[in-house]
Amino acid sequence: MLGSLCGKLNALSIRASPLQPRALSALFSTLPADVEVPQSTATALDDLGDDHRFAVGAFVHHKKRFTNYKKFESPRKRANKLYDSIMKEHIEKAKENTPEVWQEHFRVGDAVEIDVVLQGGANTTDRQNMTKYRGVVLGIFRRKLDHSILLKDVIDGHPLEMIVPLHSPLVKSLKVLERNFPFKGRKKIKRAKLYYLSDWNPNFTAVTGSTFKKKKAALRLAAKAKK
């Protein structure tokens, strides 16, 4: 009899953990009258009573996932979605206002020339209020409205690096002067950032001096052809 009782207790402990006091009381009530229940067990059952801490499922660590919700319903997600939509609208407007900046594809390592307004406002059309910046593209930073490029050039023997935001209304045009400027097409550029060019000889990244030399050579050839 005691062996069968132990088996029932083990089965009950496997099904429900922790044990239910009421289930134990019902189990002991079905025992024959000649079987004595230990006094310690009976006292323990009386002390437990209806304590909710010992009910089945009281120690469930993983709650059921709430699935009855709509997408972007929380305020935080709605704010993020609104911010993204506003950002996309501003980017599209910026590209429509300056199509000459985005119509030509360029990569890291290309020599580019950018027209930037110095004075007179973004709507000025006077070429005297603009200047040209040239340099090798060392990196492209795609940060939505903060999309910018890092240029390096050498002016009067002094290396100069600058960050140009392409979505700025002061940037009017972008033109590629030469592809794969550092290696002249002899080697393919595989890196996304060319920071190591800062340690090179400045003459290898001097875009302004090389462009002036090319223009002078072209003028000399044209003058010789006319003669």
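So, how many residues lie between S3 and S4 in their hairpin? Two, and Asp156 in that turn has a positive phi of about 55°.

Quick background before I go on. This is a predicted model, where local features need pLDDT of at least 70, side-chain atom pairs count only at pLDDT 80 or more, and totals for chains, interfaces and linings use all residues. Residues are numbered from 1 along each chain as its sequence is written, and side-chain values use heavy atoms, with hydrogens and water left out.

S3 covers 148-155 and S4 covers 158-165; strands here are DSSP E runs of at least two residues, numbered from the N terminus. The two run antiparallel, joined by eight bridges, and strands count as paired if DSSP finds at least two bridges between them. Ser148 sits opposite Pro165 of S4, while Asp153 has Leu160 as its bridge partner.

Okay, the core. The largest nonpolar core has 27 residues, and Leu151 is among those with the most contacts inside it. By nonpolar core I mean buried Ala, Val, Leu, Ile, Met, Phe, Trp, Tyr and Cys residues joined through side-chain atoms within 4.5 Å, with buried meaning under 20% relative accessible area (1.4 Å probe, protein chains only). S2 gives the most to this core, five residues.

And Leu151 itself? Skipping neighbours within four places in sequence, its contacts (heavy atoms within 4.5 Å) include Val112, Ile114, Val137 and Leu160.

Methods:
Buried < 20%, exposed > 50% of the residue type's maximum accessible area, 1.4 Å probe, protein only. Helix = DSSP H or I, 4+ residues; strand = E, 2+ residues; numbered from the N terminus.
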